Amino acid sequence: TLSRSLLRLHSLAQQRLAMEIDNPCPVSAAFFGMIGSAAALVFANLGAAYGTAKSGVGIAASGVVNPNGIMKSIIPVVMAGILGIYGLIIAVIIGGHVTGPSDYSAFKGYAHLVLQETPVCAPLLASPRCMSASF
């Protein structure tokens, strides 16, 4: 019975693969693109919160030693806030690239999930092979 179950599972996997090859733009691709958008927003803001907390501790410590230098120590807090804004911008850009199922390929969905619009992703998504529906 185990071999029969494995054969059935194998045949189902082959059918699924054949469907994916026939349909380069599955509906699930948009899900992965939007998860990439959410991940960009969440992780950038988690990093911004962590950076703000760590720099706040540094500001408190430097304020004890040198009270006149507190304004110079505020720069890391600003940079951490900029990181959160960067995550928001990237999330909006990725969300704007997610289109209907006929135009949004699985490759683009996975690229937006994994690469989250890094500079490596731009040449991949702009290639003519990716833009064609046959990919």
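What covers the buried residues of H3? In this predicted model, the cover of those residues includes helix H2 (28-65) and helix H4 (106-114), where buried means under 20% relative accessible area, exposed over 50% and partly exposed in between, with a 1.4 Å probe and protein chains only.

Because the model is predicted, local features need pLDDT of at least 70 and side-chain atom pairs count only at pLDDT 80 or more, while totals for chains, interfaces and linings use all residues. Residues are numbered from 1 along each chain as its sequence is written, and side-chain values use heavy atoms, with hydrogens and water left out.

**The chain as a whole**

The protein chain has six helices and zero strands, and its order along the sequence reads α-α-α-α-α-α; helices (H or I, at least four residues) and strands (E, at least two) are DSSP runs numbered from the N terminus. Of the 135 residues in the protein chain, 25% are buried. Contact means heavy atoms within 4.5 Å, and among contacts in the protein chain between residues at least 6 apart in sequence, 66% join residues at least 24 apart. The accessible surface of the protein chain, computed by the Shrake-Rupley method with a 1.4 Å probe and, for residues, with only the protein chains shown as cover, comes to about 9100 Å², and 74% of this surface belongs to carbon and sulfur atoms.

**Helices H2 and H3**

H2 has 38 residues and reaches 56 Å from its first C-alpha to its last, which is close to the 56 Å expected at 1.5 Å a residue. Helix H3 (residues 75-97) has 23 residues and spans 33 Å between the C-alpha atoms at its ends, again close to the expected value of 33 Å; the expected span is 1.5 Å times one less than the number of residues.

The axes of H2 and H3 come within 8 Å and cross at roughly 175°, axes being lines fitted to C-alpha atoms, for helices over the stretch in contact, with angles running from 0 to 180 degrees between N-to-C directions. That angle makes H2 roughly antiparallel to H3, since angles under 35 degrees count as roughly parallel, over 145 as roughly antiparallel, 65 to 115 as roughly perpendicular and the rest as oblique. The residues of the contact of H2 with H3 divide into 14 nonpolar, eleven polar and no charged, where Ala, Val, Leu, Ile, Met, Phe, Trp, Tyr, Cys and Pro count as nonpolar, Asp, Glu, Lys and Arg as charged, and the others, Gly among them, as polar.

The buried residues of H2 include Ala29, Gly33, Gly36, Ala40, Ala44 and Ala48, and what covers the buried residues of H2 includes H3 and H4. In H3, the buried residues are Ala80, Gly84, Gly87, Ile90, Ala91 and Ile94.

**Individual residues**

Serine 37 lies in helix H2 and is buried, with a relative accessible area of 9%. Leaving aside neighbours within four places in sequence, serine 37 is in contact with Ala91, Ile94 and Gly95. Glycine 95, in helix H3, counts as partly exposed because its relative accessibility is 23%, and beyond four places in sequence glycine 95 touches Met34 and Ser37.

Threonine 52, also placed in helix H2, counts as partly exposed at 33% relative accessibility; residues up to four places away aside, threonine 52 touches Val77 and Ala80. Isoleucine 74 belongs to the loop between H2 and H3 and is likewise partly exposed, at 34% relative accessibility.

| Pair | Apart in sequence | Apart in space, C-alpha to C-alpha |
|---|---|---|
| Glycine 95 and glycine 33 | 62 residues | 7.4 Å |
| Threonine 52 and alanine 80 | 28 residues | 5.8 Å |
| Isoleucine 74 and glycine 58 | 16 residues | 9.5 Å |
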